[in-house]
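Dear colleague,

Please read them with the coordinates open.

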Amino acid sequence: MTDFAFPAPAPTTLPIAGSSALFPVARVFCIGRNYRWRADEPAPRDMPAWFMKPASAVVPASGTLPYPAGTEDFCHEIELVVAIGRGGRDLTPAHVEAQAIWGYAAGLDLTRRDLQQQAKLAGGPWEPAKAFDHSAPCSPIVPAAACGHPRQGALWLAVNGVERQRADLSALLWPVPELVAMLSRSVTLMPGDLIYTGTPAGVGPLLPGDVVSAGVAGIGQFSMTVTGGRAA
Ligand code: MN
């Protein structure tokens with residue numbers, strides 16, 4: 001038996017819709033701009049940027065959401081989340097849906113926007129803006145065996161009942177199979193990886209006391225309340 005110096009941290013897990021089994025989270029990849037935020041925005045020629053959050057940033061999308069330390073501009077981004085069940089590298093788009101994707105979820109790519117602006121200006125890393133505690137709430141994972149591979153359907157987010165973001169999955173500039181294939185040419189994907197696929201227009205700030213409601217049609221919806229301080 002392996003002799004650890006101290007007890008190994010328990011894996012981050014998410015509930016699975018319709019099952020008592022848990023989805024073990026390996027890593028979190030987030031895709032940059034992947035929807036048109038303006039109607040006249042030209043089609044991109046290059047694949048979008050990607051960045052990561054630690055698995056420990058993932059929390060079930062329910063209950064409370066602590067306002068993070070170190071920011072005065074805590075922003076919401078609703079995204080379709082792809083859950084990888086079988087990893088690999090140099091996957092083809094056809095292989096991605098047939099074998100790699102285990103399921104889908106609705107998630108928030110929460111962002112300390114002021115720190116992101118500072119990082120962009122300084123040419124510094126995005127982790128302070130993106131990779132903080134509780135920064136990746138995620139709904140229960142829906143197995144692809146149950147929901148198929150969604151190519152269309154609304155994703156939306158409202159704050160205190162006022163809609164802020166709404167788009168259709170068909171508007172993804174880089175569809176899921178191409179996105180996952182692209183990532184797999186850069187890193188070897190692992191079972192348990194989550195891929196946040198980018199957010200549509202309408203990102204904006206959250207304040208303590210706000211109720212965030214969001215979802216992806218046919219995949220999941222949730223509501224969380226922003227609390228005033230750092231959670232345990
Ligand atoms: Mn995002």
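**Notes on the model**

Asn 160 sits in the loop between strand 13 (154-159) and strand 14 (162-168), where helices (H or I, at least four residues) and strands (E, at least two) are DSSP runs numbered from the N terminus. This is a predicted model, in which local features need pLDDT of at least 70 and side-chain atom pairs count only at pLDDT 80 or more, while totals for chains, interfaces and linings use all residues. Residues are numbered from 1 along each chain as its sequence is written, and side-chain values use heavy atoms, with hydrogens and water left out.

The backbone of Asn 160 has a positive phi of about 55 degrees although the residue is not a glycine. Most residues other than glycine have a negative phi. Asn 160 is partly exposed, with a relative accessible area of 46%; here buried means under 20% relative accessible area, exposed means over 50%, and partly exposed lies in between, using a 1.4 Å probe and protein chains only. Asp 90, which is found in the loop between strand 8 and helix 1 (93-100), also has a positive phi, near 55 degrees.

**The manganese site**

The manganese ion is coordinated by Glu 77 (OE), Glu 79 (OE) and Asp 109 (OD), at 2.0 to 2.1 Å. Donors are taken as N, O and S atoms within 2.8 Å of the metal (3.2 Å for Na, K and Ca), and because water is not among the atoms, sites may look incomplete. In sequence, the spacing of the donor residues is E-x1-E-x29-D. Glu 77 lies in the loop between strand 7 (74-76) and strand 8 (78-84), whereas Asp 109 lies in the loop between strand 9 (101-108) and strand 10 (111-112), so the pair ties together parts that are 32 residues apart in sequence. Glu 77 counts as buried at 6% relative accessibility, and Asp 109 is buried as well, with a relative accessible area of 1%.

Asp 193 is placed in the loop between helix 5 (176-184) and strand 15 (194-196), and at 0% relative accessibility Asp 193 counts as buried. Leaving aside neighbours within four places in sequence, Asp 193 is in contact (heavy atoms within 4.5 Å) with Ala 26, Arg 27, Phe 29, Val 82, Ala 83 and Ile 84. Pro 9, by contrast, is exposed, with a relative accessible area of 70%, and is found in the segment before strand 1 (13-15). The C-alpha atoms of Pro 9 and Trp 50, which are 41 residues apart along the chain, are separated by 26 Å.

**The chain as a whole**

The chain has 5 helices and 18 strands. Its radius of gyration is 17 Å, close to the 17 Å that the globule rule gives for 232 residues, so the chain is as compact as a globular protein of that length; the radius is taken over C-alpha atoms, and the rule is 2.2 Å times the number of residues to the power 0.38. Along its principal axes the C-alpha trace spans about 55 × 40 × 40 Å. Buried residues make up 48% of the 232 residues, and among contacts between residues at least 6 apart in sequence, 76% join residues at least 24 apart.
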